[in-house]
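Visitor: I am new to this structure and would like to learn how to read it. Could we go through it one feature at a time?

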Amino acid sequence: MTSPHKNKTLCTLLAMLLGGFGAHRFYLYGKKDIWAWIHILLFPLSIFAGFIAALIIGLTPDEKWDAQHNVNSGKNSDSNWIVVVLVILTFAIGTTALIASIARVTDLYLTGGSYG
């Protein structure tokens with residue numbers, strides 16, 4: 001019995017763009033995955049978890065990816081330069097979002113939000 005092939009590039013893109021909603025988890029494990037639903041429930045924190053997941057997925061070697069997600073698919077993954085670009089974009093966007101969040105929380109804590 002063959003299972004559908006899970007594309008690493010698509011999963012990285014889903015984690016980068018919609019990781020806060022758990023889209024990458026739904027893609028990999030389906031509607032019954034409890035962690036995907038927890039992503040939705042904890043959306044603000046899940047945004048950063050999605051960025052981290054995109055980095056982990058994108059940096060996973062193809063052989064390890066296939067051993068974990070494509071055991072019975074009959075295909076081998078062959079990631080190309082698109083995954084590298086997605087990892088770089090994820091790092092840039094995630095770092096910017098983290099720094100902006102730290103600045104906003106510090107502003108709210110120290111000044112009560114008087115600077116924004």
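Visitor: Where does alanine 92 lie?
Guide: Alanine 92 is part of helix α6. The model is a predicted one, and each value we discuss is computed from it.

Visitor: Is alanine 92 buried, partly exposed or exposed?
Guide: The label follows from the relative accessible area: under 20% is buried, over 50% is exposed, and partly exposed lies in between. Alanine 92 has a relative accessible area of 40%, so it is partly exposed.

Visitor: How are two packed helices described?
Guide: The description uses the angle between their axes and the distance between the axes. For α4 and α6, the axes come within 9 Å and cross at roughly 155 degrees. That angle makes α4 roughly antiparallel to α6, because angles over 145 degrees count as roughly antiparallel. The crossing of these two helices is left-handed.

Visitor: At what angle do α1 and α6 pack?
Guide: The angle is about 15 degrees, and the axes of α1 and α6 are 10 Å apart. α1 is therefore roughly parallel to α6, since angles under 35 degrees count as roughly parallel. α1 passes α6 in a left-handed crossing.

Visitor: How many salt bridges are there?
Guide: A salt bridge is counted when a side-chain nitrogen of Lys or Arg is within 4 Å of a carboxyl oxygen of Asp or Glu. By that rule there are three salt bridges.

Visitor: Which side chain meets that of lysine 8 in a salt bridge?
Guide: The partner is aspartate 62, at 3.1 Å from N to O. Lysine 8 belongs to helix α1 and aspartate 62 to helix α5, so the pair ties together parts that are 54 residues apart in sequence. Lysine 8 is buried, with a relative accessible area of 5%. Aspartate 62 also counts as buried, at 15% relative accessibility.

Visitor: Which residue forms a salt bridge with aspartate 33?
Guide: Arginine 25 does, and the closest N and O atoms of the pair are 2.7 Å apart. Aspartate 33 is buried, with a relative accessible area of 11%, whereas arginine 25 counts as partly exposed at 21% relative accessibility.

Visitor: What is the partner of aspartate 107?
Guide: Aspartate 107 is bridged to arginine 104, with 2.9 Å between the closest N and O atoms. Both residues are in helix α6, three residues apart, so about one helical turn separates them. Aspartate 107 is buried, its relative accessible area being 13%. Arginine 104 is partly exposed, with a relative accessible area of 36%.

Visitor: Which residues form the nonpolar patch on the surface?
Guide: A patch of this kind joins nonpolar side chains within 5 Å, taken from residues with over 30% relative accessible area and no salt bridge. Among its members here are Leu10, Leu13, Phe21, Trp35, Trp37 and Ile47, and the patch has about 1000 Å² of accessible area together. The elements that give two or more residues to the patch are α1, α3 and α4.

Visitor: How accessible is leucine 13?
Guide: Leucine 13 is in helix α1. Its relative accessible area is 32%, which means leucine 13 is partly exposed.

Visitor: Where does valine 71 lie?
Guide: Valine 71 is in the loop between α5 and α6. At 57% relative accessibility, valine 71 counts as exposed. Valine 71 and leucine 10 are 61 residues apart in sequence, and 18 Å lies between their C-alpha atoms.

Visitor: In which helix is aspartate 66 found, and is it buried or exposed?
Guide: Aspartate 66 is in helix α5, and at 11% relative accessibility it counts as buried. From aspartate 66 to leucine 89 there are 23 residues in sequence and 24 Å in space, C-alpha to C-alpha.

Visitor: Which helix holds tyrosine 29?
Guide: Tyrosine 29 lies in helix α2, which covers residues 23-29. Tyrosine 29 is partly exposed, with a relative accessible area of 41%. The C-alpha atoms of tyrosine 29 and histidine 69 are separated by 9.4 Å, and the two residues are 40 apart along the chain.

Note on methods
Residues are numbered from 1 along each chain as its sequence is written. This is a predicted model: local features need pLDDT of at least 70, side-chain atom pairs count only at pLDDT 80 or more; totals for chains, interfaces and linings use all residues. Side-chain values use heavy atoms; hydrogens and water are left out. Patches are made of residues with over 30% relative accessible area and no salt bridge: like charges are joined within 9 Å, nonpolar side chains (Val, Leu, Ile, Met, Phe, Trp, Tyr) within 5 Å. Accessible areas come from the Shrake-Rupley method with a 1.4 Å probe; for residues, only the protein chains shown count as cover. Helices (H or I, at least four residues) and strands (E, at least two) are DSSP runs, numbered from the N terminus. Buried means under 20% relative accessible area, exposed over 50%, partly exposed in between (1.4 Å probe, protein chains only). Axes are lines fitted to C-alpha atoms, for helices over the stretch in contact, and angles run from 0 to 180 degrees between N-to-C directions. Angles under 35 degrees count as roughly parallel, over 145 as roughly antiparallel, 65 to 115 as roughly perpendicular and the rest as oblique. A crossing is left-handed if the near helix is turned anticlockwise from the far one by less than a right angle, and right-handed if clockwise.
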